[in-house]
Structures are given as C-alpha cells and as structure tokens.
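I opened the notebook to record what I looked up in this structure. The entries below follow the order in which I went through it.

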Amino acid sequence: MKNITQKSLLEISRLLQERQVKVMEIVQACLERIDETEPKINALLHLDRESSLSRAIAMDKSGPDPDKPLWGVPITIKDVICTRDLPTTCGSKILENFRPCYEATLVKKLRDAGAIILGKNNMDEFAMGSSTENSAFKTTRNPWNLEHVPGGSSGGSAAGVAAGQCFASIGTDTGGSIRQPAAFCGITGLKPTYGRVSRFGLVAFGSSLDQAGPMTRTVGDCALLMNVISGHDPLDSTSWPGPVPDFPAAVSKRQDLKGLRIGLPRQYWEEGLSPETLERCENAVSLARDAGAAVVEVEMPHAQFGIAAYYIIAMAEASSNLARYDGVKYGFRDNSSADLLEMYRKTRSRGLGEEVQRRIMIGTYVLSAGYYDAYFKKAAQIRRLIQQDYLRAFESCDLVCAPVTPSTAFKIGENIHDPLQMYLTDIFTTSLNLAGMPGLTIPVGLGKDTGLPVGIQFIAPAFEETIVLQAGQVLENALPALGAPKALN
Amino acid sequence: MEITKKQVARIADLARLELKEEKVEKFALQFSDIIGYMDKMNSLDTTGVEPLYSPWAGTSVTRRDEAAKNYQRADLLVNAPVQDGQYFIVPKIL
C-alpha cells in the first residue's frame, strides 16, 4: 500500500478492522518513516521499537477487536504525560532517568482502545516555551522548513504527526501549546474544555490551565480521539462529571454551517497580523460564510491584558508545582553538597533549564509578601473579566473564530534570547486557557510569502467541543489539503 | 518596574536556586522587562472584581478517609537517587 503513513487515523483504523492491512505492516511503515525523517526533525525523545513490534505480532495473531476504536493504530505521546513502561522526562535533565510507576488515565484509555504507543515526543522543558528550543535534549525542526521552529511546547508531537511518523499524538495546552505548534506544522489540534480530559498523570505546570488533547492530521481523527480520552476520572478532582457526547457522530451530522453565528473578536483581527496570515484567515472566514455561517463582530475588551495575566498565573502555579523537584524522591541529584539546603539549591540549579528557572523565580516573586495583591490577585481578577468577555461574546454568536498566531513559524534562534518577545507570540492563544474554554485549530493553507502553514482557531463555550469540531470539519472539506510537508520530500 | 540584582538574589534564595553572578545580572534585566510589561495591568481598575482562580470553581472534592495500598514501596523508591530499600536518604539536616 502506497503512502500508508500519510493516511488519516480513521482510514487506517478501518483498514485494520477490515483486515486489509496487518498491524505489523502499519507499525513497520511508521518505523521506516521515523528512520527516514527523524534525523531531520528530531520529534522524538524515546522510541519503543521492540515492544511496538512485539505488540503488533500479538495483535495480528489475536485479530481485530471491533470494540476497540484504535485497535493497532500507532500513536505517540508528549513526554510530559506519564507512561508506565517508557521514560517520562518532560524534556528536562532533572527527570532524565524517571520512569513512572503509574500510567496517566488518558494513556490507559488509549491502550484500552487498542492504540500502540510508539514513543514519546520532544517538548519545551516542562511545557514552558513556544518553540521546543527549551528542551534539554534536542531541538525539533519544522517539517515544512527545517530552519524554522515547529512551535511549542508540543512541538515534537506536531512535527511528528505532520511528518507521518504516527497517526496522532497527544499534546498538552497550558497557554496554546497544542494549538500553536499544530498551526505552525499544518495539522489539527484541539484543546478540550478544562475538566474534559483527566489530568491524572499529566506532569503539572499550571494546574488551573493545563489540559491534554489530540493532535492529528484531520478533524475526524481528532473527534475519534476525543471519544477515547474524555470523561470523568475520580483520580482528578477537577475532572468534570458530566456526559461525554459522541464526537464523531456529532461531526457527521453537519454538512454546512447554516444557522451558526461565528463571532470575530475585533481586537484579535486588528492585532498586527502578518499580511499572509490575514489573507489565509480571511479566506477561511469567507468559506465559512459560503457554507452558510452568519459572521458577526464581537468585542473582547480585556484582550490586551491576556498575556500579562496569563503569564503571572502560569508562572505562579509553576513555581509551586515545580517545588517537588528537589533531588529526593526522583530524578537528578547533585551529590557534591554537604547539607540538605545546599543539595536542594545545587540540584535545582543544575537540573532545571534557564527558562524554567526564570519562570519559577518570577512566579515566586509575584506570590511573595507585598506583591501578591498587585500581581497574582490582580491577574486573577483580570482572568474573571476575560472569562466574562467570552461569555458576553457567546450571547451574540455560537462560536468565536480567531487567528492562532500573528505570523507563520519563526526561525530557530529568532526569539530565544528575548523571553518577553517569545511570550508575546502567544497573544491569541492564552485567553482561552484563562477562561477554560475549548479551542480547535485547523490548517487554512500556506502563507504566500513564507510558504509555511497558517492556522485558524474556533473557540466554543465550555463543554461545547462538538461545535468547533463541526465547524472545523465543514471548513476542512472546503479547503484544499496542504499535502506532505515540503522539507521532507 | 526595575528589579535589582539584590532582589533577584533574594528570589533565587526563596526558590531554592543558586545563580552565578552573570546570571543574576541577566535575570535582573530580563525580569525588569517582563515585570515592566506585566505592570500594564495597573492601567485597569479591577476594584470589586472577584478573582477567578480556576475555570470551574466547583466545591472541593474529597474522598473517603480510608487507607488504600495503591503502590508498592519498592516501585515508589526505584526512582529515588539515594534510598536504602525502606526510605529516601537525604544529606544531614543537623
């Protein structure tokens, strides 16, 4: 079978269930694709070649199971999510040799659904970054142009899915870390509603913001994975006990956008977009209009404070969450220290990378006596106002549509020495995490100047992922496919 | 707002980090930049706005207060840099 690794997850799953291909063929095709592309893109931190092959043998022997929607499908997982039989490093030296003795709930659900976990994806250390340059181990490259970043922090996941190393990856999104790399690499990514997918086994960065979600080549694949990983989990006290819709069924119900009102936040569309990004995004909006959607303008009056509020809250939560890396229970320890306090300091200073140290320190500062009200509480008040902006917008529209990033993927090294400049690239993605709402990004074409992918995002009220998936599917059908990433041909 | 080298050293101490002199200098400049940007929040009057600390401010979820043996001691100790089969071992405290 030709180009098997570029097929959609849905298509591969159907072929596997119908025994038109063997699990072994698919796994071997992915491993070959990895061998071919990995030296160029560096998307993986660990590859589980042997046990993937032995699982394939066992599955081919037992035959397909119609109750398992991912039976025999090779996928990868961002290395911030705990996997029992594979390392989980979070892209950090401090967890270089860490092997969790438990499995994240979402990983267990994927395995129960029959997925084969091929390996773990590279990422910015502890998911802190927008380019994957902050990994302690390697720099992932964009499959469309190897001189450019894949985005971050789920850059390894995005690059690997775009390259056809696997049929999907699970990433995490604290301030855009699924949507921004998906947009930069020309794939689809969904940040579910906060509480939709269990965070048990997801190594914490910003606990009130973090959410795991699918990164795929099509909207249909994304919907299928949502069926598998969603749902209440008693092991995560913030997981939502409400019902989980049948996402693929909901997506197939809608052929057009008639009766849907799409809101364009004026502040997002006026905010210094590169001409090619604006051109592609406006084209997508006009296709949505052609498909029957009513397009209205909405206001996000507090949008300009989003980045400041987001980074204060994320850094404050990080400074607290990362206190656990002290060289005692797991990970790296500096053995040269005479006493406990010195051991803590030396371990953390040598084991954690510069961006992580920067964020821990700013987080510590904004939580410290005398600054708490001025920064942390103030940011939480703005968070309330941003959530209210969304709720008010949803009174006049069913979903919101916005660009994902101001421009296409930037060059490796371009922003790495200016942390503030790097934070500002997250301008369109962070407010969603503050509000806890779901957002889907799909590719809308290649920029005419850079030739790199442009993405657009749909945002819906909490627990209304079906609306963004439906809109994404209609638009995906209306747009020409991007094709295979250019730098890998 | 300007963040001084002395403040950076104090924050590093609170965060249990040990910074070389050149990093203290670099962070002081960068933090002034970053915190300076955050200060734009002050242009907005938020008097009387209830802070939002989590998207879904549900009530606290508690479990029954019962002991359960979910993990084996050996499995939990295996990742520790120094342990004796029973406990995590740390350098002298006193």
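Helices (H or I, at least four residues) and strands (E, at least two) are DSSP runs, numbered from the N terminus. I am working with a predicted model, in which local features need pLDDT of at least 70 and side-chain atom pairs count only at pLDDT 80 or more, while totals for chains, interfaces and linings use all residues. Residues are numbered from 1 along each chain as its sequence is written, chains are lettered from A and ligands numbered from 1 in the order in which they are written, and side-chain values use heavy atoms, with hydrogens and water left out.

Entry: backbone.
I looked up A:N42, which lies in the loop between α2 (23-41) and β1 (44-47) of chain A. Phi of A:N42 is near 55°, a positive value in a residue other than glycine. I then found a cis peptide bond from A:G152 to A:S153, with omega near 10°. A:S153 sits in the loop between β3 (116-121) and α5 (155-163) of chain A. For reference, most residues other than glycine have a negative phi, and most peptide bonds are trans.

Entry: a helix pair in chain A.
I took α13 (residues 354-367) and α14 (residues 372-396) of chain A; their axes come within 7 Å and cross at roughly 105°. Axes here are lines fitted to C-alpha atoms, for helices over the stretch in contact, and angles run from 0 to 180 degrees between N-to-C directions. α13(A) and α14(A) are therefore roughly perpendicular to each other (65 to 115 degrees). A:Y365, A:V366 and A:L367 of α13(A) meet A:Y372, A:Y375 and A:F376 of α14(A), contact meaning heavy atoms within 4.5 Å.

Entry: chain B against chain A.
I found 52 residues of chain B in contact with 71 residues of chain A. The area buried between the two chains is about 5500 Å², and carbon and sulfur atoms give 67% of that area; buried area is the accessible area (1.4 Å probe) that two parts lose on being put together, summed over both. B:M41, B:L52 and B:W56 supply 14% of the area that chain B buries against chain A, more than any other three residues.

Which side chains did I find meeting in a salt bridge? Those of B:K26 and A:E354 do, at 2.7 Å, N to O. The rule (a side-chain nitrogen of Lys or Arg within 4 Å of a carboxyl oxygen of Asp or Glu) finds three salt bridges across this interface.

Conventions
Parallel < 35°, antiparallel > 145°, perpendicular 65-115°, else oblique.
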